[in-house]
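This briefing is meant for a reader who is meeting the structure for the first time. Please look over the sequence and the model below before going on to the points that follow.

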Amino acid sequence: FKEICMSRLSARSNISESVKQNMLTKAMNRLTLIRAYDVQTLTKALTSNFPFKIDNENDNQTPFRLLVIDSITAIISPVLGGSTNTTNNAGHIAMMRITRLIRETSIRLGCAVLVTNSTVGNITQGDGVKPALGLTWTYVPSVRLFLERLQVNVYENKKANEVSEYGSASVYRAYITKTPRRVDAGTTASPFCVTAAGVT
C-alpha cells in the first residue's frame, strides 16, 4: 500500500518531496492492520475494541470509516466442505457466525465494511464465474461489486469500442449489484481506468 501511495504521489510533479512524505505519513497513520489467518483470529479481531485514531493536529479522535477484510475466502474455505456432514455443518456455522459479527461490527463502529471474495467456475451455466463460498454467502452482501480486467492495451481488444478513450492504460469493468439476494436484483456495469495518478 505504501508503494502504491508513493507512485500516485510521484505522478503529481507539482508537489515537493517533503510534502509527499508528509501526506504519506498521514495516510499510513490512519490505517490499522490486524493479521488474521483463521476463523478464530478473525472472530477475536471483530469482537475486540478497535482503537480510535488520534488527530495530532486537532487533538481529536477519528473513528473508523471503513473496515476491510481481505480475503474472506482464505479464512472460510479451509473450514468448509470435508468428507462428513459434521465437518460441513461446522464450516457453515462458522461462516454464519463470522457474517453476524461483521454486521454487528459495522453497526457498533458505524462504518462501512468491504469484504473481498474469490470467484469460482459457474458449472450450472457452463461458462463464466460466480462468487465463491456457495449459495449461503449470496445472501450476505448488501452490494456486490465484481471487477473484470478487460485488456492492458485496449486497442488490441475487441471490446475496445466502449473504453477506447482510456488509451493503453489498464482498463477494468465494474459490475455493481444492489441487494444481490433478490432474484430481480439489477446489475449496472461501468468501465474504469487505473493509472499511476489514480482511478478514472
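**Briefing on the predicted model**

Leu133 is found in the loop that runs between strand E6 (129-131) and helix H6 (134-138), where helices (H or I, at least four residues) and strands (E, at least two) are DSSP runs numbered from the N terminus. This is a predicted model, in which local features need pLDDT of at least 70 and side-chain atom pairs count only at pLDDT 80 or more, while totals for chains, interfaces and linings use all residues. Residues are numbered from 1 along each chain as its sequence is written, and side-chain values use heavy atoms, with hydrogens and water left out.

**Backbone features in loops**

- The phi angle of Leu133 is near 80 degrees, which is a positive value in a residue other than glycine.
- With a relative accessible area of 10%, Leu133 is buried; here buried means under 20% relative accessible area, exposed means over 50%, and partly exposed lies in between (1.4 Å probe, protein chains only).
- Asp70 and Ser71 are joined by a cis peptide bond, with omega about 0 degrees, and Ser71 lies in the loop between strand E3 (66-69) and helix H4 (72-76).

**Helix H3 and its contacts**

- Helix H3 (residues 39-46) has Val39, Leu42, Ala45 and Leu46 as its buried residues.
- Seen down the axis of H3, these buried residues fall within an arc of 125 degrees, so they line one face of the helix; the arc is that of the directions from the helix axis to the C-beta atoms.
- Gln40 and Lys44 are exposed residues carried on the face of H3 that is turned away from its buried side.
- At the start of H3, a side-chain oxygen of Asp38 comes to within 3.3 Å of the backbone nitrogen of Gln40. The term for such an approach is a polar contact, a pair of N or O atoms within 3.5 Å; within protein, one atom must be able to donate a hydrogen and the other to accept it, and residues adjacent in sequence count only if both atoms are side-chain atoms.
- Thr105, which lies in helix H5, has a side-chain polar atom 3.2 Å from the backbone oxygen of Leu46, and Thr105 counts as buried at 1% relative accessibility.

**Salt bridges**

- The structure holds two salt bridges, a salt bridge being a side-chain nitrogen of Lys or Arg within 4 Å of a carboxyl oxygen of Asp or Glu.
- One of them is formed by Arg100 with Glu104, whose closest N and O atoms are 3.2 Å apart.
- Because Arg100 and Glu104 are four residues apart in helix H5 (residues 85-109), they are separated by about one helical turn.
- Arg100 counts as partly exposed at 43% relative accessibility, and Glu104 counts as partly exposed at 40%.
- The side chains of Glu148 and Arg173 also meet in a salt bridge, at 3.2 Å from N to O. This pair links distant parts of the chain, with Glu148 in strand E7 and Arg173 in strand E8 (residues 170-178), 25 residues apart.
- Glu148 counts as partly exposed at 23% relative accessibility, whereas Arg173 is buried, with a relative accessible area of 8%.

**Strands and the nonpolar patch**

- Val143, Leu145, Leu147 and Ile176 make a nonpolar surface patch of about 350 Å². Patches are made of residues with over 30% relative accessible area and no salt bridge, where like charges are joined within 9 Å and nonpolar side chains (Val, Leu, Ile, Met, Phe, Trp, Tyr) within 5 Å; accessible areas come from the Shrake-Rupley method with a 1.4 Å probe, and for residues only the protein chains shown count as cover.
- Strand E7 (residues 143-151) gives the largest share of the nonpolar patch, namely three residues.
- Val143 has its place in strand E7 and counts as partly exposed at 46% relative accessibility.
- Thr177, whose place is in strand E8, counts as buried at 5% relative accessibility. The C-alpha atoms of Thr177 and Phe146 are separated by 8.4 Å, although these residues are 31 residues apart along the chain.
- Gly121, in strand E5 (residues 119-121), is ten residues from Pro131 in sequence and 8.8 Å from it in space, C-alpha to C-alpha.

**Cysteines**

- A search of the whole structure finds zero disulfides, a disulfide being a pair of cysteine sulfur atoms within 2.5 Å.
- Cys111 counts as buried at 7% relative accessibility, and Cys193 is buried with a relative accessible area of 2%.
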